[in-house]
Amino acid sequence: MDSRSPVEALSDEALLALVARGDEEAFRVLFRRYAGSFLALARRMGLDGTAGEDVVQEAMVRVWEKAKEFDPRRGSARAFLLTLGHHTAVDELRRRAARPLEPDPEDEAGFDPPGPGLDEERHLDRARLGAALKALSPEERRVIEVLYYQGHTHQEAARLLGVPLGTLKTWARRALLKLREVLGEP
């Protein structure tokens, strides 16, 4: 007999809708699903220990506060949640005046998607993302690396890459659309 709550079987989109209405059980389920991802993201951006735990807590507060802003027509719930986690980690980096670790461009693990642990689903996600990243041009891949894996803002990334801000935003948008298409996400 399955002892899980029926809420645990819901999609992330359905859980966000419930959280938007103040459902604490749905929030707990999202916390269990995404706390590991938020912590992994923080660690990849150079925040360990207490700083990483602070990111998890603050990201989950943002999930509670911003669940009403989720619009499934604009992207997946996973993308929405991981964006909240990413923004929280960037904010924490700024608060601590720290810079993220530079990933080794030859290390495919540098593009490992955040996840709760080493399991089959995470391995499949990593393999799919690695293949999808290969579909990007070198400029697009570098933009994704600088924005999402190093945690720079668009302005910082434009300065770092030596391109106009508009060009960087165009490359980033094109890269994200291409990734979405390759990964088969709506």
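I started with Glu92, which turns out to be buried, at a relative accessible area of 7% (buried is under 20%, exposed over 50%, partly exposed in between, with a 1.4 Å probe and protein chains only). This is a predicted model, where local features need pLDDT of at least 70 and side-chain atom pairs 80 or more, while totals for chains, interfaces and linings use all residues. Residues are numbered from 1 along each chain as its sequence is written, and side-chain values use heavy atoms, leaving out hydrogens and water.

Glu92 sits in helix H4 (helices are DSSP runs of H or I, at least four residues, numbered from the N terminus). Setting aside neighbours within four places in sequence, I found Glu92 in contact with Leu47, Ala51, Asp54 and Val55 (contact is heavy atoms within 4.5 Å).

Next I looked up how H3 (residues 49–66) packs on H4 (residues 77–95): the angle is about 130° and the axes are 9 Å apart (axes are lines fitted to C-alpha atoms over the stretch in contact, with angles from 0 to 180 degrees between N-to-C directions).

Leu30 touches, among others, Met60, Val63 and Leu81, not counting residues up to four places away in sequence.

Methods:
Helix = DSSP H or I, 4+ residues; strand = E, 2+ residues; numbered from the N terminus.
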